[in-house]
Amino acid sequence: MNEETIRARIAPLEDYIMKHCLWQFHSREWDRVRQNEGILSKAKQLLCEEPVAKETPEDRCYWVDALALTEAFKKRFAWLEEMDKKSIEVLMHALKERIDFVTITGSLNKELTSPRY
């Protein structure tokens with residue numbers, strides 16, 4: 001999958017997350033880092049039909065959000081079903097990088113890193 005295709009496919013996935021997923025609004029940077037990693041890595045595992053850890057309460061919380069996300073993605077974006085596992089891995093890695101940028105590193109919200117917040 002080339003870079004242009006990746007960008008074109010990330011855009012609607014990002015749009016869905018930004019409009020429909022409340023988990024992106026955690027108030028601290030460290031919360032957003034953990035949740036982005038937890039949810040999007042589990043979403044990748046679900047899309048690739050890999051085992052998903054559900055041992056801890058945190059695992060189960062991320063798994064439920066990832067499950068809802070992947071079900072919505074599959075329903076809305078038929079092209080996901082046509083992708084091979086390696087392409088899904090590449091796409092989900094790029095999506096995580098984009099969501100990290102939008103919600104953390106590129107955010108202008110100074111409260112994310114305030115030690116008093």
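Me: Leaving out residues up to four places away in sequence, which residues does D59 touch?
Reply: This is a predicted model, in which local features need pLDDT of at least 70 and side-chain atom pairs count only at pLDDT 80 or more, whereas totals for chains, interfaces and linings use all residues. Residues are numbered from 1 along each chain as its sequence is written, and side-chain values use heavy atoms, with hydrogens and water left out. D59 lies in helix α3, a helix being a DSSP run of H or I with at least four residues, numbered from the N terminus. With contact taken as heavy atoms within 4.5 Å, and residues up to four places away in sequence not counted, D59 touches K42, A53 and K54.

Me: Is D59 buried or exposed?
Reply: Relative accessible area decides the class: under 20% is buried, over 50% exposed, and in between partly exposed (1.4 Å probe, protein chains only). Because its relative accessibility is 18%, D59 counts as buried.

Me: What is the relative accessible area of Q35?
Reply: Q35 lies in helix α2. Apart from neighbours within four places in sequence, Q35 is in contact with W23, Q24, H26, L40 and Y62. Q35 is buried, and its relative accessible area is 1%.

Me: What is the phi of E49, and where does this residue sit?
Reply: E49 belongs to the loop between α2 (29–47) and α3 (57–76). This residue is exposed, at a relative accessible area of 68%. Although E49 is not a glycine, its phi is positive, at about 60°.

Me: How are α2 and α5 oriented to each other?
Reply: Axes are lines fitted to C-alpha atoms, for helices over the stretch in contact, and angles run from 0 to 180 degrees between N-to-C directions. The axes of α2 and α5 (residues 85–105) are 10 Å apart, at an angle of about 160°. Angles under 35 degrees count as roughly parallel, over 145 as roughly antiparallel, 65 to 115 as roughly perpendicular and the rest as oblique. The two helices, α2 and α5, are therefore roughly antiparallel.

Me: How are α1 and α3 oriented to each other?
Reply: The axes of α1 (residues 3–20) and α3 come within 11 Å of each other and cross at roughly 130°. The pair α1 and α3 is therefore oblique.

Me: Which residues of α3 does α1 meet?
Reply: By class, the contact of α1 with α3 has six nonpolar residues, no polar residues and one charged residue. Here Ala, Val, Leu, Ile, Met, Phe, Trp, Tyr, Cys and Pro count as nonpolar, Asp, Glu, Lys and Arg as charged, and the others, Gly among them, as polar. From α1, the residues L13, Y16 and I17 meet, in α3, L69, A72, F73 and R76.

Me: What distance separates the C-alpha atoms of G106 and A72?
Reply: G106 lies in the segment after α5, and at 29% relative accessibility it counts as partly exposed. G106 and A72 are 34 residues apart along the chain, and their C-alpha atoms are separated by 26 Å.
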